[in-house]
Amino acid sequence: MSAPIVNSCVNSMKSILIHFAHEHVDFRLAELASILKLFKITTCLPDQNGFSPFLKLDLPSLDCAQQIASRAVLIKSVYELWAQGKTHKELNESLSKLPAKFLDPYITSGDTYKFQVTSFNKKIPPKRKLEIIENLPHEVLAFEGRVDLKNHQHAYHIIEDYGSTMGKPTKEPEQVFFAKWIADGQRDKINEFHLQKRHFIANTSMDAALSMIMANLAKVGPNMVVLDPFVGSGSLLVSAAAKGAYVMGTDIDYLLLHAKSRPSRCNMKKRQSDESVYSNLHQYGLEKHFLNVLVADASKPHMWREQTFYDAIITDPPYGIREGAKKIDFNPTLSLTDEQRNGGTHIAQRTEYHLSDIFRDLLNFAARYLHVNGRLVYWFPVQLHTYAEGNIPSHPCLRLVHNCEQKLNSKVGRRLITMEKVCEFNLDKIIAIGDNVWQQREH
């Protein structure tokens, strides 16, 4: 028989129930762990949570739960967990054992309230919901306030879990929770920042949900400086700026950054002249967070002064699934006239930018220009049948924090890699990627 949850709390810790959205399952704990680090909240997280959308946590206060909900994209709602059981009978028995000292403030407050039945993996008919509410131990939950379904001050949820694999639901719930609603996550932001509403998009614009998840993994916060070295249309910068950071980016594609490239929207023959990364931030009232965007080659880091600049680097490198990667390179066989050499009329050639070189340069750049404890968050493409942990790029200045998988089809996927800078950059460091090793050299 289940015991009331509030009796299991020690040292005034609050029992919290987190209800995750059932998408990007592999990213859930990584996002949550990063948010806990951002707000300096101490608790124990499981190594994995499987497919279950429910997670129980002990937190120092309900304010901590609200902080988590204020950032999390993959959380639907956060609750204060009062009781749980495998059946409704067990749940009601647990509720009957709740101590009066815990209940009295809610019972006698006179606040308006409502009961609500929610479920996972099964739709509950209204008649059954009413039965569940009527069968609660109302002699214990004898709230003195009145019921108000629209303008309530407190919402008490009875949550049924009908299986955690999104397959065929179980006949009876596997577990039942009684919990007081604290806050909803930031799911509404996905629609607010949806790409279909974005003024300026490109073929590789990152969708709103993943952009915000990346900002959370990077622990982006107010007054930080964030860079995207493959900025494109600036989707990642929008999410970082929405968290209060100052943002900038670089990209080799002059035509895209100046709204002269082929439009990405259907039935659109020409881009509007005001399409730009700046216009995207202006659209959401975030223009004050825009530093600049440079037409620059990410493979040439020595354009930067030798000092740390950035609190976070978040990026989606061009690894060739939707767009090929290019860089500026020297062609010794190319014959130039004196006018081209001295007059500046020659346009430098763009050549293929090999995958191994992209990630070597990216990690070297992060090691050079991130502040210590700053984070690098980037996508890494993989073949699902050959992937191994050893494929992930490594660097002696960077510690791997999170490695999350997104499957694109049955053969190809990509990993969202989060790394943290742990020591100052040294030119003698060696970086290894896969079976290849490069010695860094000063140019």
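## Legends to the close-up views

View 1. With a relative accessibility of 40%, Arg399 counts as partly exposed. The model shown here and in the views below is predicted. Arg399 forms a salt bridge with Glu420, in which the closest N and O atoms are 3.3 Å apart. Because Arg399 lies in strand β14 (residues 398-407) and Glu420 in strand β15, the pair ties together parts that are 21 residues apart in sequence. Glu420 counts as buried, since its relative accessibility is 9%. Salt bridges that share partners join Lys219, Arg375, Arg399 and Glu420 into one network.

**View 2. Glu420 and its salt bridge with Arg375.** The side chains of Glu420 and Arg375 meet in a salt bridge with an N to O distance of 2.8 Å. Glu420 belongs to strand β15 (residues 412-421) and Arg375 to strand β13, so this pair ties together parts that are 45 residues apart in sequence. Are Glu420 and Arg375 buried or exposed? Glu420 is buried, and Arg375 is buried as well. In general, side chains of opposite charge can pair when their charged atoms come close.

**View 3. The salt bridge between Arg368 and Glu306.** The structure holds 12 salt bridges, including one in which the side chains of Arg368 and Glu306 meet at 2.5 Å, N to O. The pair links distant parts of the chain, 62 residues apart: Arg368 is in helix α12, whereas Glu306 is in the loop between β9 (290-295) and β10 (310-315).

**View 4. The aromatic pair of Trp304 and Phe309.** The count of aromatic pairs in the model comes to 28. Among them, Trp304 and Phe309 form a tilted pair, with 6.1 Å from centre to centre and 55° between the planes. Which of these residues is buried, at 14% relative accessibility? Trp304 counts as buried because its value of 14% falls under the limit of 20%. Phe309, by contrast, is partly exposed, with a relative accessible area of 25%.

**View 5. The aromatic pair of Phe359 and Tyr378.** Phe359 and Tyr378 form a further aromatic pair; the arrangement is tilted, with 5.7 Å from centre to centre and 40° between the planes. What does this pair tie together? Phe359 lies in helix α12 (residues 355-369) and Tyr378 in strand β13 (residues 370-383), so the pair ties together parts that are 19 residues apart in sequence. Phe359 counts as buried at 1% relative accessibility, and Tyr378 counts as buried at 0%.

**View 6. An aromatic cluster and a charge over a ring.** One aromatic cluster is formed by Trp82, Phe102, Tyr106, Tyr113, Phe115, Phe143, Tyr156 and Phe178. A separate detail concerns Arg414 and Trp379: the charged end of Arg414 sits over the ring of Trp379, 3.9 Å from its centre.

**View 7. A nonpolar surface patch at Tyr254.** Tyr254, Leu255 and Val295 make a nonpolar surface patch of about 270 Å². Tyr254 is placed in helix α9 (residues 254-257). With a relative accessibility of 43%, Tyr254 counts as partly exposed.

**View 8. Phe54 in strand β2.** Phe54 lies in strand β2 (residues 54-59). Is Phe54 buried or exposed? Phe54 is buried, with a relative accessible area of 5%. Phe54 and Ala21 are 33 residues apart in sequence, and their C-alpha atoms are 9.4 Å apart in space.

**View 9. The protein chain as the setting of the close-ups.** The protein chain has 12 helices and 17 strands. Of its 443 residues, 50% count as buried. Among contacts between residues at least 6 apart in sequence, 73% join residues at least 24 apart. The chain exposes about 22,100 Å², of which carbon and sulfur atoms supply 50%.

Terms used
Residues are numbered from 1 along each chain as its sequence is written. This is a predicted model: local features need pLDDT of at least 70, side-chain atom pairs count only at pLDDT 80 or more; totals for chains, interfaces and linings use all residues. Side-chain values use heavy atoms; hydrogens and water are left out. Rings of Phe, Tyr and Trp (its six-membered ring) pair if their centres lie within 6.5 Å; planes under 30 degrees apart count as stacked, over 60 as edge-to-face and the rest as tilted. Buried means under 20% relative accessible area, exposed over 50%, partly exposed in between (1.4 Å probe, protein chains only). Helices (H or I, at least four residues) and strands (E, at least two) are DSSP runs, numbered from the N terminus. A charge sits over a ring if NZ of Lys or CZ of Arg is within 6 Å of the ring centre and within 35 degrees of the ring normal. Patches are made of residues with over 30% relative accessible area and no salt bridge: like charges are joined within 9 Å, nonpolar side chains (Val, Leu, Ile, Met, Phe, Trp, Tyr) within 5 Å. Accessible areas come from the Shrake-Rupley method with a 1.4 Å probe; for residues, only the protein chains shown count as cover. A salt bridge is a side-chain nitrogen of Lys or Arg within 4 Å of a carboxyl oxygen of Asp or Glu. Contact means heavy atoms within 4.5 Å.
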